[in-house]
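Subject: Structure handover and notes

Dear colleague,

Please find the structure below, followed by my notes on what came out of going through it. I would be glad if you could read the notes with the coordinates open beside them.

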Amino acid sequence: MFKAFLIKYGEIGIKGKNRYLFEDALIRQIRYALADVEGEFDVTKEQGRIYIECLSDYDYDETVDALKRVFGIVGICPVVHVEDEGFEKLVEEVTAYMDWMYPDKNTTFKVSARRARKNYPLDSMEINRELGGRLLEAFPEIRVDVHKPAIMLNVEIRQKIYIYSEIIPGAGGMPVGTNGKAMLLLSGGIDSPVAGYMIAKRGVKIDATYFHAPPYTSERAKQKVIDLAKLVARYSGPINLNIVNFTDIQLYIYEKCPHDELTIIMRRYMMKISEHLAKESGCQALITGESIGQVASQTMQSLAATNEVCTIPVFRPVIGFDKQEIVDIALRIDTYETSIQPYEDCCTIFVAKHPVTKPNINIIKRSERNLEEKIDEMMETAIATVETIVVE
């Protein structure tokens, strides 16, 4: 029955004179999301509405699943559209729609008409009244409830007439690419993919950096991160994933610095390298999956010590979440099962038995002086040998 979808958006509607920019970005994202779906689609906008016309046979469930991953969409409405052939023909179409959609007529409904084309002979209230009466005649069991109807039957009078009653929730947020670009520090854990998803939801284009430490981390650990990037990319669009060989730097820090400070100092150098890569690729911020107090490196003092090396903003979207809240989002976006695969990333290899939880930045900087002989050269080598892959 459904040969079209009406796409509803939220925040975009209050963007004033710039709204068309956000609408165009949303249309691009919809087309990208549907590119891998079997079928041919035409995406257009008309008078504050975005429509998807299905020009060939298509997989309904696959299409809806793809659209549910597009940021900026708050509602997906499968619609029946008909030509305006007079009110009696509209009554036939609406009656057939209700009969097909709702076999059990022991329910309540309300007609909500919208007359965008003002030359239509009936106004919205008249359409509501006349269609409601005809449906009551056609289906004696059905009842009208104008306050809390089980079925909200929407009829929009435009160049064509659109009939729909189902609104499938979308991902919400803003279209990707409308709010700049940021670099995600992506690990194999649960938190960082969720952080990337949440920032992408606000319209930010995502690149990512992963720190690999062979032979202490396996190729399977690296593949796990690539797999996570692919899962995030279903929402964010293509991700440029930078893979940094961090082994030599980790070993050097392990050799030269106090072991209770290892995690903080390693994190500081990860942030420095990530910021360098971010600036090279036009990113305006870094993104991490840190949550206050979750581990020793995420106390307020530790976060301050890590931030101290950065000159661009660091976004931490899960900063106030507890672990279960993060897990709930990971389950919803299908990253959880991949994140819990037992392949360690480089952060877990050189972990002190008793890491410092309240680091003093001055003491940390003093310890880092032990690295002055080689660290700059090692960072240059790590940056020069970055492997970048496009993940889609």
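A residue is called buried here when its relative accessible area is under 20%, exposed when it is over 50%, and partly exposed in between, with a 1.4 Å probe and protein chains only. This is a predicted model, in which local features need pLDDT of at least 70 and side-chain atom pairs count only at pLDDT 80 or more, while totals for chains, interfaces and linings use all residues. Residues are numbered from 1 along each chain as its sequence is written, and side-chain values use heavy atoms, with hydrogens and water left out. Helices (H or I, at least four residues) and strands (E, at least two) are DSSP runs, numbered from the N terminus.

Salt bridges

The structure holds 23 salt bridges, a salt bridge being a side-chain nitrogen of Lys or Arg within 4 Å of a carboxyl oxygen of Asp or Glu. One of them pairs arginine 134 with glutamate 88, whose closest N and O atoms are 2.7 Å apart. This pair links distant parts of the chain, since arginine 134 belongs to helix 4 (residues 124-138) and glutamate 88 to helix 3 (residues 87-101), 46 residues apart. Arginine 134 is partly exposed because its relative accessible area is 25%, and glutamate 88 counts as partly exposed because its value is 46%.

In another salt bridge, arginine 267 meets glutamate 290 with the closest N and O atoms 2.9 Å apart. Here arginine 267 sits in helix 8 (residues 262-280) and glutamate 290 in the loop between strand 13 (285-287) and helix 9 (300-307), so that distant parts of the chain, 23 residues apart, are linked. Both arginine 267 and glutamate 290 are buried.

A further salt bridge joins glutamate 308 to lysine 365, with 2.8 Å between the closest N and O atoms. Because glutamate 308 lies in the loop between helix 9 and strand 14 (314-315) and lysine 365 in helix 12 (residues 361-368), the pair ties together parts that are 57 residues apart in sequence. Glutamate 308 counts as partly exposed at 32% relative accessibility, and lysine 365 counts as partly exposed at 35%. Salt bridges that share partners also join Arg19, Glu23, Asp24 and Lys45 into one network.

A buried arginine without a partner

Arginine 115, found in strand 5 (residues 108-115), is buried yet has no salt bridge, and the nearest side chain of opposite charge, that of aspartate 123, is 5.9 Å away. For charges, Lys and Arg count as positive and Asp and Glu as negative, whereas His and the chain ends are not counted. Leaving aside neighbours within four places in sequence, arginine 115 is in contact (heavy atoms within 4.5 Å) with Tyr120, Leu122, Asp123, Ser124 and Ile157.

Buried positions in helices

Isoleucine 364, in helix 12, is buried, with a relative accessible area of 1%. Apart from its neighbours within four places in sequence, isoleucine 364 is in contact with Glu261, Ile264, Ile265, Arg268 and Pro359. The C-alpha atoms of isoleucine 364 and leucine 262 are separated by 9.7 Å, although these residues are 102 residues apart along the chain.

In helix 7 (residues 247-256), the buried residues include Thr247, Ile249, Gln250, Tyr252 and Ile253. Their cover includes strand 11 (205-212), strand 12 (239-245), helix 8 and helix 13 (375-384).

Backbone points to check

Most residues other than glycine have a negative phi, and most peptide bonds are trans. The peptide bond from proline 214 to proline 215 is cis, with omega near 0 degrees, and proline 215 lies in the loop between strand 11 and helix 6 (219-236). Aspartate 334, which is not a glycine, has a positive phi, near 70 degrees. Aspartate 334 is placed in the loop between helix 10 (323-332) and helix 11 (336-339), and it counts as partly exposed at 45% relative accessibility.
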